[in-house]
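Please open the structure in a viewer and keep the selection panel at hand.

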Amino acid sequence: MARLYRAALTLLLLLCGCAKEQDNAIHIGVIAELTGDIPAVGASCKNAAEMAVKTVNDMGGIDIGGKKYVVKTQIEDSAGRADQAASAALKLITRDKVIAIIGPNASSGAIPASEIAETSKIPMISPWSTNPKTTIDPKTGKQKSYVFRACYMDSFQGRVLAAFALGQLKAKRAAVLYDVASEVLKGQAEVFKQTFEEKGGTITGFETYTTGNKDFSVQMTKLKNGSPDLILLPTYYSDVPLQVEQARRLGITVPILGSDAWASHDLLGLCGNNCEGAFFSSHFCSSSTAPGVKKFVDDYNALYGSVPDDVAALTYDSFGILFEAMKRAAKPASEDIKTAIQKINGFQGVTGNITFHEGSGDPEKSVVILQIKDGDFRWFSDIKP
Amino acid sequence: MAYIAQQFLNMLQLGSIYAIIALGYTMVYGVLSLINFAHGDLFMVGAFLCFLASSKLHLPFYIVILAAAAGAAVLGVTVERLAYRPLREAPKVSAIITALGVGVFIENFTLALSPYPRHVPELLHNISYNFNGLTISSIQMIIVALSVLLMAGLDFIVRKTRYGSAMRALSWDMRTLPLMGVPVNAIVALTFAIGAGFGGVAGTMYAMAFPVIDPYMGIMIGWKAFIAAVVGGIGSIRGAMLGGCILGAVETIAAVALPSTYRDFIAFTLLLILLIFRPNGILGVPKTLKV
Amino acid sequence: MKSNNFWVRFTSNRLPVFVGAGFVATLIVSRFSLMDQYVELVAMYVGINIILALSLNIVNGYMGEFSVGHAGFMAVGAYGASVLSVKILPAGVWVFPVAIVAGGLLAAAAAVVVAIPSFKTRGDYLAIVTLSFNMIVKSVLENIDAVGGPRGFLGMEKLTTLPWVFAWTVASVWAVRNFVYSNIGRGVLSIREDEMAGEAMGVDTQKVKLQAFVISSFFAGVAGGLYAHLLQFISPRSFDILKSTEILIMVYLGGVGSIAGSIAGAVIYTVLIEALRVLGQWRMVIMPLMLVILMIFRPKGIFGYTEFSWFKPATAKKREGAAIMSHQPLRQVETGGLLAIDGLTHYFGGLCALSDFNLRLSAGQILGVIGPNGSGKTTLFNLISGYYKPTQGSISVHGAELTRLRPNEINALGIARTFQNIRLFNNLTVEDNVKIGMFGSAGYNASGALLRTRRFKQCERDMSEHAQELLELFALDRYRAEPAKNLPYGLKRRLEIVRALATRPALLLLDEPAAGMNPAETGALMELVQRIRDDFKLTIMVIEHHMSFIMGLCETIRVLDFGVTIAAGTADEIKNDKKVIEAYLGSSGARNYKTGGNS
């Protein structure tokens, strides 16, 4: 029994253990989904965060108000769960004394964490949370002032996809299959449907499945029955190959359109030839020849042996935004950094030009449409808001 | 018509995969009355072994499937030896919780090593046959045929061989069996080997049909296969096959007839209703009360 | 004198003082933000997890059933409370407690729906039903756009504070303690230990299971409501199978069937999850590994089946000079027919176990039933006590037909029994074994138990006294607090009889009470049975193979062979009956039997 008490006490002490302060270091917290149901997102986020910080420190750190600071990151796991995202955020703020937080990526973690960031007055940038509610205070309906995101929202993406389908692909009859358990994908599918129908198109099938399902043959057979001339798959890239393959097996040959959830380079390997010719909207184009993007992709590849996905790019840009704001801030304080982020205008990130408007945490940036061609992602067009 | 036939084929494919995983549950339950909640994760390990064997070692199909089965079987027997055997005399629930813990461990261990989903290369060249709008793929046919073959084989082993009768005897009385000269530990290990091996085969078949695999893939399908085993009558091998097919059918029909959003809802509600009327499952024998 | 008195009172009631002080402390801490917010948040998680673990422990630990979908009930409570506080109730200080209780009640209502299919069967089926329920709830929530669908629901104020969590946790511990250490709680334990024996002792297992499940779900719902108002955000994904697994791990880590265990499990799990953050993605590898290792070395968890004395209500002491309770049957028939059996026939498949059995038994008699193994004696007992439904025929006691009744209903009519192979509640104390026998005569209900009303205390005291008297009467009182499994064989037999007597039957069925006893013990048992009959004004039916026992004790004897009554009469008549001798020894052995006497 005594041993048990001692063990509990040791644990408590561990929990209360204090971080040593270094006066020329600034601490940035990262909350990533390292375990749980979207470990790939967490892994990319962690990789990009470590790389972003290394790049800055290799250049001698960051210059704030005439003084050089070394950047230190503390990466916490949210396990993809709301409660752990909240406790990670509080730990970073109260224990590790971070002055800003990057993450969480999944909206289910970003929403509770944003609530904490807002009340603690610590700026938070979520690289990947596309849920509109992340940056909005649900009680007042106003924008939160300390919460930002590096991506555009799914409603915008849904509208862009509908316009692209009708305009560039000349589709009249579209069928949709989406993951109902994902808020993001559901939002994209619904906005697409609404916009597509408003602009004169017909939705011939609107099917769903739940995360974890791997057999889509039933839904595909139903979709095939409506003889669409386009299929929209707002689904995660790990499901896309299965869906496309099953569609092909059923003899479906119409163009396939996807959303940003496709944007992992693994998709190319996973899909084989089946995805050739498909379009999808994305945050960035890894095969871009723009110098900033190319350097990012090459560095990432050199470090981790893979092409960065959109989460990695958005995390990298989140750090970019943060560093940019820090440089402009007078001192390394959360309040100054927040104000500086709000004034970011035309930041040249790997995912495009990012501008924040006063009083909004949602950036203004364009959607990239990519096509899978010759086994790679090819830039197809940019659609501005 | 072709539409209905197509959906029927989908149902067969899904059902046979469920059935073959459900078999693993039912075998272990039949012998030890233990719900082996780690079984879904053995299935996942089977799929990952299939991935390793095919994409890293470039082995041919039949060796891949044997390797996956053997690997899963070895893991199954190891887990039994290390985690379940010490608990054979303990309350049954402790063993079940241990199984749950082992499952979570295997998932997260795999995840810590490989957080990204993996793509399994095409093991066999897929040929699609088209009959009047009905598309049949060779992979579908292989999956259904293979699972029917395996189940028939298992049924034969359990019903007609010495080992089979030892397994059946074990499910009745574990304490007196050693007195009859039956090596209980060996038979239990054999049961686990077969059950887990089937999980490995199911993992390979699954990876053939749905070639993207991730460390969490075994959770949902494992729970569902468990439900299939119960619906068929847990402990009954033929019941597991039947249960797998029924679950596959219910899920397919629910998705066909209604918005597929409600697939899980409808499928599980129907299963619950079925259990109200057949509480011991379709082929399950009610446990006789010993007063 | 007075101060001394105060001191005694203070120490004996120090728990409420500590709890009060704790509550005030949390109030101060949260009012003046004295605590690091992170620690405060983790402390609140701990509280919520304690409630969840307690809730699941009722079903899995105390009742011994296996629920795996408790997150489903948590979800119902969370969404119910949130919708109420955000959309329905007007603002006000009372909104929060009302919403939380309403969430709990909604979860309890869901439990009633779930319980209907699950408790019809035994075994692992509750696992399936709760598992399916969990998935159904998640699927339904994903489809309701009014609560945000998969996007989740938000807009709750941050109403969950440390004092609230503390208060709810204490209230839950208190309520669960009251429930577990009550008559219904003992009924719950009897289901875990031996459901069939529980039924025979008059425990309405269906009702008790339902009550336990509903109360358990209520607290899961409460925890859900607290969770929702703490994070101000809930989504269907928060309540998936993984969440249920988390609760299961806490319960089995800390210990099944123990409040201390629930608390320990929740604290250890929640704190470890945070403390092991340094391990990154390996954290979730270490956690299950620790659970597995713990399970192997302590299969029931850290505090399995044991309890700190703080979590046990004080046991009532026997009052000096208290009136002796009546041990006599609740329903007494002065003269004439007690039990009437007509044409009773039972088949197992094609096998006739009992055929056309007829009996009239009047009050005060001792009837022996003998016959070779497999002759249908125990089948007869099982038919009378309701475990089997007869293929044909009728059984009535006090003129009431009982072939359609469940065992506990039959017990309530005044029939109690013992079992051929002793079926005590092994992990429970001798006293609790006897008290379960009094299940039917407790004069309070579940709400009385939860709130510890005066009536509850009065009834509990009466029951303790009654049990004490019975134990004294049968010289078992010094084993009062001993688990039944530790008793020697003979005392186990005796305890089983005492337990049956505690139900205050008019008719007692003894199934081979002298099995495995030596002649001296058999003789003592004979005297005991006789004394019971006289003191307790009972009618007794006894199955036995010891001829001396039967011949010396029974006024009349029935002999069964292959389900057929082959003889009936007094000891002497039976002794000389040819058919009986043949049935027992075969015709050639008849001579030996006569000369060798009975053995």
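The stops below visit a sheet, a helix pair, a chain interface and a set of domains.

The model is predicted.

**Stop 1: the sheet of chain A**

Select the strands of chain A in the order 8-7-9-10-11-14-15; these 7 strands form an open sheet with mixed pairing. Which strands stand at the edges? They are strand 8 (202–209) and strand 15 (376–383) of chain A; each has a single partner strand, so one side of each lacks a neighbour in the sheet. From one strand to the next, the twist averages 20°.

Then select helix 8 (residues 240–249) of chain A, which packs on this sheet. Helix 8 of chain A touches strand 7 (173–179), strand 9 (230–233) and strand 10 (256–258) of chain A, and its direction makes about 160° with that of strand 9 of chain A.

Within the sheet, highlight strand 11 (residues 279–282) and strand 14 (residues 367–373) of chain A. The two run antiparallel and are joined by 4 bridges. To view a residue pair here, pick F280(A), whose bridge partner in strand 14 of chain A is L370(A).

**Stop 2: a helix pair in chain A**

Select helix 2 (residues 39–58) and helix 11 (residues 310–328) of chain A. Their axes lie 8 Å apart, and the helices pack at an angle of about 35°. The crossing of helix 2 of chain A past helix 11 of chain A is right-handed. To display the contact, show V41(A), S44(A), C45(A), N47(A), A48(A), A49(A), A52(A) and V56(A) from helix 2 of chain A, together with V311(A), A312(A), T315(A), Y316(A), F319(A) and F323(A) from helix 11 of chain A. By class, the residues of this contact comprise 11 nonpolar, 3 polar and no charged.

**Stop 3: where chain A meets chain C**

Show chains A and C together: 30 residues of chain A are in contact with 27 residues of chain C. On the chain A side, helix 1 (2–16), strand 3 (67–77), helix 3 (82–95), helix 4 (107–120) and helix 6 (183–198) each supply at least two residues. Which element of chain A gives the most to this side? Helix 3 of chain A does, with 8 residues. Colouring this side of chain A by class gives 13 nonpolar, 6 polar and 11 charged residues.

**Stop 4: the domains of chain C**

Finally, colour chain C by its domain assignment: domain 1 (1–34), domain 2 (36–240) and domain 3 (337–414 + 504–596). The centres of domain 1 and domain 2 of chain C, taken over C-alpha atoms, are separated by 29 Å. Their contact takes 7 residues from domain 1 of chain C and 6 residues from domain 2 of chain C. On the domain 1 side of this contact in chain C, there are 4 nonpolar, 3 polar and no charged residues.

Key: Residues are numbered from 1 along each chain as its sequence is written. Chains are lettered from A and ligands numbered from 1 in the order in which they are written. This is a predicted model: local features need pLDDT of at least 70, side-chain atom pairs count only at pLDDT 80 or more; totals for chains, interfaces and linings use all residues. Axes are lines fitted to C-alpha atoms, for helices over the stretch in contact, and angles run from 0 to 180 degrees between N-to-C directions. A crossing is left-handed if the near helix is turned anticlockwise from the far one by less than a right angle, and right-handed if clockwise. Two residues are in contact if their C-beta atoms, placed from the backbone, lie within 7 Å. Ala, Val, Leu, Ile, Met, Phe, Trp, Tyr, Cys and Pro count as nonpolar, Asp, Glu, Lys and Arg as charged, and the others, Gly among them, as polar. Domain bounds come from an automatic or database domain assignment. Two strands pair if DSSP finds at least two bridges between them.
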